[in-house]
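Please keep the model open while reading.

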Amino acid sequence: LGCQGTMEWEFGFKGTFEGMASRRLSSNDTPYSAQAIPRRIWQIGATLKAALYSHGNLMQTWWKLNPEYEYKFLSDPEASALIVTHASADEQQAYRALINGAQRADLFRVLVLKYLGGVYADLDSELRAPLRTIITSNASCVTGPFWTSEMLAYEPGHSILNEAAAIMTRNVLHQVELQSRNDSKRCHAPASCVLFVTGPYVYRRAVAAVAERSGCGRYFHLPKRSEQTQKCSDKHMQRTYICHADRGSIYNSWVCNISKHWDCRGNSCDASGCKRRECSKAHYTNAANFFHVSKSDGAVPLKCQNAFARLKECLD
């Protein structure tokens, strides 16, 4: 870990997780100086073949610009195996309950960085400059001022990750219980079942909770310059670096001006032009259901948890 030079691509990696796509570093490479955030990039998807077909041009930016980083792509079964190896019983139960890939990615990114650290990037995120340009040796976290979650860079055990994992796990298990008995308080739409259970709103809620608890302030956008947040009492927050500006906004997502998220839900433009992709049928906005549930006694089973789904199985 943390070396530069000869790299080795492996497909069908015969390690802990069968079938992992991984770039390992040679023991003969010249080591970089140590840093708190492990030099390891994580990406996940249904399969490597499908990911490369739909996002290969974006994925390659992460391994080409960061030769000193290990790269790990995990398929759904491999990601589940990693969760079983490292996560708590409640976290595992919550992860197993999630149906949609976006939900699993939301929880996976928080859990893998909580336990192993490194850099997580969504498949539809493009890197424009090397990670070494923003990640300093002592940083526990590097983020943009909008606290987007399409790219995350953390050392293991960061307070924000611990808080986010706890909130997401509680949210999922609570929804499973509500859905199982068709409770009127259950979520019933993509926004309420994804964005507000495991998605970016939950992540930002965790940031706000930790920031307020450690004296950073409820609205944690300071400092204005690219410096560490020394005024916070939490040891992890003291070494959290916030880049002073991003090119976009909370809806046009950049991280530290180097990572661009190409969201399929709308046109996304910058100086290099505009890109638009149609959201796939597997996108969470098209999902019929969000949670695996067991029917409670006396409950009327739901055809679809998404009350707005226009799918045939939901309308029949």
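Helices (H or I, at least four residues) and strands (E, at least two) are taken here as DSSP runs, numbered from the N terminus. The model is predicted, so local features need pLDDT of at least 70 and side-chain atom pairs count only at pLDDT 80 or more, while totals for chains, interfaces and linings use all residues. Residues are numbered from 1 along each chain as its sequence is written, and side-chain values use heavy atoms, with hydrogens and water left out.

The protein chain has nine helices and 15 strands. Of its 316 residues, 53% count as buried, where buried means under 20% relative accessible area, exposed over 50% and partly exposed in between (1.4 Å probe, protein chains only). Contact means heavy atoms within 4.5 Å. Among contacts in the chain with a separation of 6 or more, 68% are between residues 24 or more positions apart.

Ser 259 belongs to strand E13, which covers residues 259-261. Its relative accessibility is 3%, so Ser 259 counts as buried. When neighbours within four places in sequence are set aside, Ser 259 touches Trp 62, Ser 125, Glu 126, Leu 127, Met 151, Ser 253 and Trp 254.

The cysteines come next. A disulfide is a covalent bond between the sulfur atoms of two cysteines; the criterion applied here is a pair of cysteine sulfur atoms within 2.5 Å. The structure holds three disulfides.

One of them joins Cys 187 to Cys 193, with an S to S distance of 2.1 Å. The torsion about this S-S bond is about 105°, and the disulfide is therefore right-handed. Both Cys 187 and Cys 193 are buried.

Another disulfide links Cys 216 and Cys 232, S to S 1.9 Å. This pair links distant parts of the chain, 16 residues apart: Cys 216 and Cys 232 each lie in the loop between helix H7 (200-213) and helix H8 (235-238). Cys 216 counts as buried because its relative accessibility is 5%, and Cys 232 counts as buried at 2%.

Cys 243 and Cys 256 also form a disulfide, with their sulfur atoms 1.9 Å apart. The angle about the S-S bond is 90°, and the link of Cys 243 and Cys 256 is right-handed.

What is the closest cysteine sulfur to that of Cys 141? It is the sulfur of Cys 256, but the distance is 8.8 Å, too far for a bond. Cys 141 is buried, with a relative accessible area of 1%. The C-alpha atom of Cys 141 is separated by 9.4 Å from that of Ile 160, 19 residues apart along the chain.

Ile 160 is part of helix H5, residues 159-180. Ile 160 is buried, its relative accessible area being 0%. Apart from neighbours within four places in sequence, Ile 160 contacts Trp 147, Tyr 154, Tyr 203, Ala 206, Val 207, Val 210 and Met 237.

The last topic is helix packing. Two packed helices are described by the angle between their axes and the distance between the axes. Axes are lines fitted to C-alpha atoms, for helices over the stretch in contact, and angles run from 0 to 180 degrees between N-to-C directions. Angles under 35 degrees count as roughly parallel, over 145 as roughly antiparallel, 65 to 115 as roughly perpendicular and the rest as oblique.

The axes of helix H2 (residues 76-86) and helix H4 (residues 101-115) come within 11 Å and cross at roughly 45°, which makes H2 oblique to H4. On the H2 side the contact is made by Asp 76, Ala 79, Leu 82, Ile 83 and His 86, and on the H4 side by Arg 104, Phe 108, Leu 111, Val 112 and Tyr 115.

Helix H3 (residues 89-97) packs on H4 at an angle of about 155°, with their axes 10 Å apart. H3 is thus roughly antiparallel to H4. Glu 91, Ala 94 and Tyr 95 of H3 meet Arg 104, Leu 107, Phe 108, Leu 111, Lys 114 and Tyr 115 of H4.
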